[in-house]
Amino acid sequence: MSTTAKVLVVEDERELSADIVELIRPICETTTAFDGEQGEFLASQGVFDAIILDLMLPGQSGLDLLLHIRNKDIKTPVLILTAKDTIADKLRGFNDGADDYVTKPFHREELLARMKALLKRTGHLNSSDVITLGQLEINTSKHLATFDGDLLTLKGREFDLLAYLVANPGTIITKEQIFNRLWGFDSETSLSVVEVYMSNLRKELKRAGSDLSLRTIRNAGYIVEAPDEQ
């Protein structure tokens, strides 16, 4: 579900990668990459809420990956997880754009705690199950959305689409980001499905009398704003 935090794990040791995925599964959904090039491709999509990144990767290093995505203005929080443990290594990691740095071997409890803190700090791990924007209220645990107390009728991924947009108010989200987030990179569904769901969502919001603005930004994507933000 799109309201769940999504984390990319870039780690070439497959057994360790599986352990990390199992550890953080209770707080997020995960996607894995096992080399630098695959990791950069996935990270560049801009659909993840955090990245766990090893530095010593086949193909290209984790630091190169980090520099490349930062140069693309991808601001996804990155937690480096590596055996490189000198002060110089840590400083370089932070200078190149990392948000946290954990060295191997690591304590499982510490890594989980740091991931929770990182996701909370960026607003992707909320203690509340309710997201609000203006008079719109979304309850992610109950899978319900209301406007001014009236229940919205949302089918299929329409709820996930609305929750994704409302969780990122005032932010332009591309059609590709929505597709990759909701349908997945490997989906055989056409990209045009996003336009269909967006149209249906607009109709339902209009039916409910919602005053939210769900705008299409030409050649860029979509943006949702509350009335006082327009």
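**Entry 1: the loop at Pro 105**

I started at Pro 105, which sits in the loop between β5 and α5. The model I am reading is a predicted one. I checked the peptide bond that joins Lys 104 and Pro 105, and it is cis, with omega at about -10°. I noted for context that most peptide bonds are trans.

**Entry 2: Lys 104 and its partner**

Next I looked up what the side chain of Lys 104 does. It meets the side chain of Glu 11 in a salt bridge, 2.8 Å from N to O. Where do Glu 11 and Lys 104 lie? I found Glu 11 in the loop between β1 (6-10) and α1 (14-24), and Lys 104 in the loop between β5 (100-103) and α5 (108-121), so this pair ties together parts that are 93 residues apart in sequence. Buried or exposed, I asked of Glu 11 and Lys 104? Both are buried.

**Entry 3: Ser 17**

Ser 17 belongs to helix α1. I set aside neighbours within four places in sequence and listed what Ser 17 touches: Val 9, Glu 11, Thr 32 and Phe 34.

**Entry 4: two domains**

I then stepped back to the chain as a whole. It is divided into domain 1 (6-122) and domain 2 (130-225). The contact between them draws on 7 residues from domain 1 and 4 residues from domain 2. I read off the separation of their C-alpha centres as 28 Å.

How much area do domain 1 and domain 2 bury between them? I have about 590 Å², with 58% of it on carbon and sulfur atoms. On the domain 1 side, Lys 6, Gln 45 and Val 47 lose the most area to domain 2. Together these three make up 67% of what that side buries.

I also looked at polar links across the interface. There are 4 residue pairs in polar contact between domain 1 and domain 2, counting pairs with both residues at pLDDT 80 or more. The residues of domain 1 that touch domain 2 split into 3 nonpolar, 2 polar and 2 charged.

**Entry 5: the salt bridge between the domains**

How many salt bridges run between domain 1 and domain 2? I count 1. I went to Asp 49 and Arg 181, which form a salt bridge with their closest N and O atoms 3.2 Å apart. Asp 49 is in the loop between α2 (36-43) and β3 (50-53), and Arg 181 is in helix α7 (residues 175-182), so the pair ties together parts that are 132 residues apart in sequence.

I checked cover on each partner. Asp 49 has a relative accessible area of 6%, so it is buried. Arg 181, at 8% relative accessibility, counts as buried too.

**Entry 6: salt bridges elsewhere**

My total for salt bridges is 14. One I opened joins Arg 207 and Glu 204, whose side chains meet at 2.6 Å, N to O. Why are Arg 207 and Glu 204 separated by about one helical turn? Because they are 3 residues apart in helix α8 (residues 193-207). Glu 204 is buried, with a relative accessible area of 10%. I also traced a network: salt bridges that share partners join Glu 11, Asp 54 and Lys 104.

**Entry 7: helix α6**

I looked at cover along helix α6 (residues 158-166). The helix is mostly covered, with 9 of its 9 residues buried. The buried residues include Phe 159, Leu 161, Leu 162, Tyr 164 and Val 166. Glu 158 and Asp 160 are also among them.

**Entry 8: positive phi**

Most residues other than glycine have a negative phi. His 143 is not a glycine, yet its phi is positive, about 60°. I place His 143 in the loop between β7 (136-139) and β8 (144-147). Its relative accessible area is 37%, which makes His 143 partly exposed.

Asn 219 is not a glycine either, and its phi is also positive at about 60°. Its loop runs between β10 (213-217) and β11 (221-225). Buried or exposed, I asked of Asn 219? At 80% relative accessibility, Asn 219 counts as exposed.

Conventions. Residues numbered from 1 in each chain as written. Predicted model: local features only at pLDDT ≥ 70, side-chain atom pairs only at ≥ 80, totals over all residues. Heavy atoms only, no water. Buried < 20%, exposed > 50% of the residue type's maximum accessible area, 1.4 Å probe, protein only. Helix = DSSP H or I, 4+ residues; strand = E, 2+ residues; numbered from the N terminus. Domains from an automatic or database assignment. Contact = heavy atoms within 4.5 Å. Buried area = accessible area lost by both parts, 1.4 Å probe. Salt bridge = Lys/Arg side-chain N within 4 Å of Asp/Glu carboxyl O. Polar contact = N/O pair within 3.5 Å; in protein donor to acceptor, adjacent residues only side chain to side chain. Nonpolar A, V, L, I, M, F, W, Y, C, P; charged D, E, K, R; others polar.
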